[in-house]
Amino acid sequence: MSAGPPPRPRKLAVFGGGLGSLSAVFALTELPDWRERYDITVYQIGWRLGGKARSGRNLRAHARSEALGHHVWFGWYDNAFALARRVYAETRRAPGAPLATFKEAFKPCDTLLLGTGDRSSRAPPWKMHLPRADNLPGDGAPQPSVWHFAQTLLLWAIDCIPRLHPQFATWSAIVPRWPDSSRALWPALMRRASGQGVRAYDGFDPQSPDYDALLRRAAAAAHDEDAPQTSRQRRAWAQPLTHCGEHSLRTLVGLGARDSHPQFTTMVDLALAIVRGILHDGLDRAGFSAIDDQDLRDWLRRHGAAEASLASSVVVGLYADHMSYESGDVARPVAAAGAMLRAALRRYLAFSGALYYTPAAGLGEVLFAPLYRLLRDRGVAFRFFHKLKRLCPAPDGATVSAAIVGRQIELAPGVEEYEPLLKVKGLPCWPSRPLYSQIVLGDDPVIQAIDFEATESPEVEEVALRAGVDFDDIILAIPPPALGGVARELAARDPRWGELLDRTHSIAAMGAQLWLSPTWAQLLGAPAPAGAGELPGTELPRWFNLSTAAPYEGWPREHWPGAIASLSGPRPDRAADGSREPVRDIAETWLKSHPRALWPEATLAGADEFNWELLLDPQGRAGEHRLAAQHCWSTQNASDRQIVTLPGDPRHRLAAGDSGFRNLWLAGDWVGGGIELACAEGAVITGLQAARALSGEAIVIHGERDGVDLE
Ligand SMILES: Cc1cc2nc3c(=O)[nH]c(=O)nc-3n(C[C@H](O)[C@H](O)[C@H](O)COP(=O)(O)OP(=O)(O)OC[C@H]3O[C@@H](n4cnc5c(N)ncnc54)[C@H](O)[C@@H]3O)c2cc1C
């Protein structure tokens, strides 16, 4: 009996070319036998990859790199960095070529500047400086468990408290000042811990207490051979320390600690509130997601954080950083507590290498161009200018039977396939507009006026891709704000899709990218300590220093930018009218109101007014008109809206392998079952989950779940 023909590879259609889908495709093509198993085609609306993280070169403005805001990657983004490092390792650019290595492409930063959030305040920003770790993100360092975070915060708070007030620098000076009732309860908590086998408090004599020795011993017990082992013992060990921390902090605040050490006092207060919350809500066993139906600030307040701490830059800045505002209104910060807390603790306590990294130029050229070339060289097909319009369920509702796609352009005669990249100073980049010479009628102003990245853009032909013929499986990696039409029929079959579409909250974003003549250090009047920071309370609360991009852009010597800055923030829904002019007005107001908050030396001598001459303008316009030479942008397309995780939202998300349709897999920062936060790492994790669910292979995903006690 002759064997039949070998099974053909399964055809995989991937819709959307952002971080979520590309990490899925990357992971699948890492499998040694992937060519026998899959035949992969990525369909992308418009002319470039990268989605919300894309950037493009403006050929009408010295090939400068323009983006929808710029992106920092935090040192805890282990999966995202593993992807980037693999891309650089495999593409191996020639030594001396621009951005030849990962280390040239991502710049480590140790300091984050957190503005006060109070517009009238002249207080300097908080300098969140954290020393480097000696590994690199992407090494696969295990994420600490929830308990480990609690323990670290508790030990840190206990270590800090005696330093908060110069006159009360020992526990023996602080504890006697507690109210009697608090002091009376403490020994009972210690006795209870001893009763549960925790040795740390044994021998405590309430008659002649040596509080300093006691606390030293209790803290050391976290690490010695008697360290509490079971979840019950750990909690019993933590309770007396938490009690001690809280009452001591309260005592010292009463004695003026917040005035003398406002930042440390705030951090200790927040640390203790988090520890108390973790223990009270059992997050060491349930994981952070258990509190995703609450707002972070409400949760902290419920666990005792002071209002002053909740109003501090560190908390306000977390919302600003994730643009986590209801309807984009900065007056309404709101965020699912578990998702935000997980990200915040990983950010500050569990990073590899440096606190965060800034791409040396736009992510388009730093990541998406080399990733595209790598995947294409591996054998993945890309169809640019292909817009998914509808997914059609099969009559039995078990699978997707067709995908209706709009082809947006005709290729010019002689062009076999759209070639999307161009080189700027030897570096492969995406253009900020299509390469019209490859398109029929590409020199026609009507064609050039079309926004090919918009869902509502016209098309030249509608194509139906059929299950079993054109695809066997689909990875859907288009975010819900752009899925209304695409997923309508899925929602009619499966109500969970309706919930997903209704309950995914998203906001528009806006910003200004500025090219300035002086260097960043000249604008500061001091060496630049940070690559990024937040100015919460302003219309554009996030800023980045992008000056490293200048050498990769095409500026002539006489217009060389000393500094490049990105200011960005949410765009309130009521103002999301799509026009650019208002964003320029907002940028103008920002520069008039806050220049000193960012750059003390950017004002005219003896005045508070921004010195407009500092903005680069090759056309030499005067005053605020120089803003016309900058890149003011807003997210106009539904797909570009930032997903915001509001309390309760994660419950309505679908997981990568649980779309309700047997041949449909999901990837993107809106997909559930990962870290539930819209960021590069969130998108990459879901991409890896989609690849794992689709292939059935044991693809390792670092930090995918919280480390919890299973007893
Ligand atoms: C302004 C802004 C700043 C940000 N800053 C940071 C930061 O500093 N750090 C960080 O970690 N994260 C940041 N983020 C979040 C981060 O960019 C996203 O979480 C991540 O890029 C999402 O990737 P994704 O693949 O899930 O979705 P997307 O990037 O949205 O990808 C979706 C893809 O689908 C395509 N598409 C849409 N409709 C169709 C269609 N009909 N047919 C075919 N293709 C379609 C899109 O063009 C896109 O390529 C920021 C987001 C915004 C908006």
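Let me start with a term: a residue is buried if 20 or more other C-beta atoms lie within 10 Å of its own, exposed if 12 or fewer, and partly exposed in between, with C-beta atoms placed from the backbone. Take Phe-385. It has 24 C-beta neighbours inside 10 Å, so Phe-385 counts as buried. Phe-385 sits in the loop between β10 (381-384) and β11. Its phi is near 60°, a positive value in a residue other than glycine.

A word on what you are looking at. This is a predicted model: local features need pLDDT of at least 70, side-chain atom pairs count only at pLDDT 80 or more, and totals for chains, interfaces and linings use all residues. Residues are numbered from 1 along each chain as its sequence is written.

Now the whole chain. The protein chain has 24 helices and 23 strands. Helices (H or I, at least four residues) and strands (E, at least two) are DSSP runs, numbered from the N terminus. The radius of gyration, taken over C-alpha atoms, is compared with a globule rule of 2.2 Å times the number of residues to the power 0.38. The chain comes to 27 Å, close to the 27 Å the rule gives for 711 residues, so it is as compact as a globular protein of that length. Along the principal axes, its C-alpha atoms fill a box of roughly 95 × 85 × 50 Å. Buried residues are 52% of the 711.

Next, contacts. Two residues are in contact if their C-beta atoms, placed from the backbone, lie within 7 Å. Of the contacts with a separation of 6 or more, 75% join residues 24 or more positions apart. Glu-553 gives us an example to look at. Glu-553 lies in the loop between β19 (542-545) and β20. Leaving aside neighbours within four places in sequence, Glu-553 is in contact with His-62, Ala-63, Arg-64 and Ser-65. Glu-553 and Ser-65 are 488 residues apart along the chain, yet their C-alpha atoms are separated by 6.8 Å. Glu-553 is buried, with 23 other C-beta atoms within 10 Å.

On to the domains. The bounds come from an automatic or database domain assignment. Domain 1 is 10-134 + 350-711, and domain 2 is 146-344. Their C-alpha centres lie 37 Å apart.

In α16, 12 of the 13 residues are buried, so the helix is largely enclosed by the rest of the structure. Its cover includes α5 (146-160) and α11 (262-280).

Last, the ligand. How many residues surround the ligand? There are 39, and the closest are Gly-16, Gly-18, Gly-20, Gly-51 and Gly-668. Here, near means a C-beta atom, placed from the backbone, within 6 Å of the molecule. Elements giving two or more residues to the shell are α1 (19-30), β2 (38-44), β11 (386-393) and α24 (680-695).
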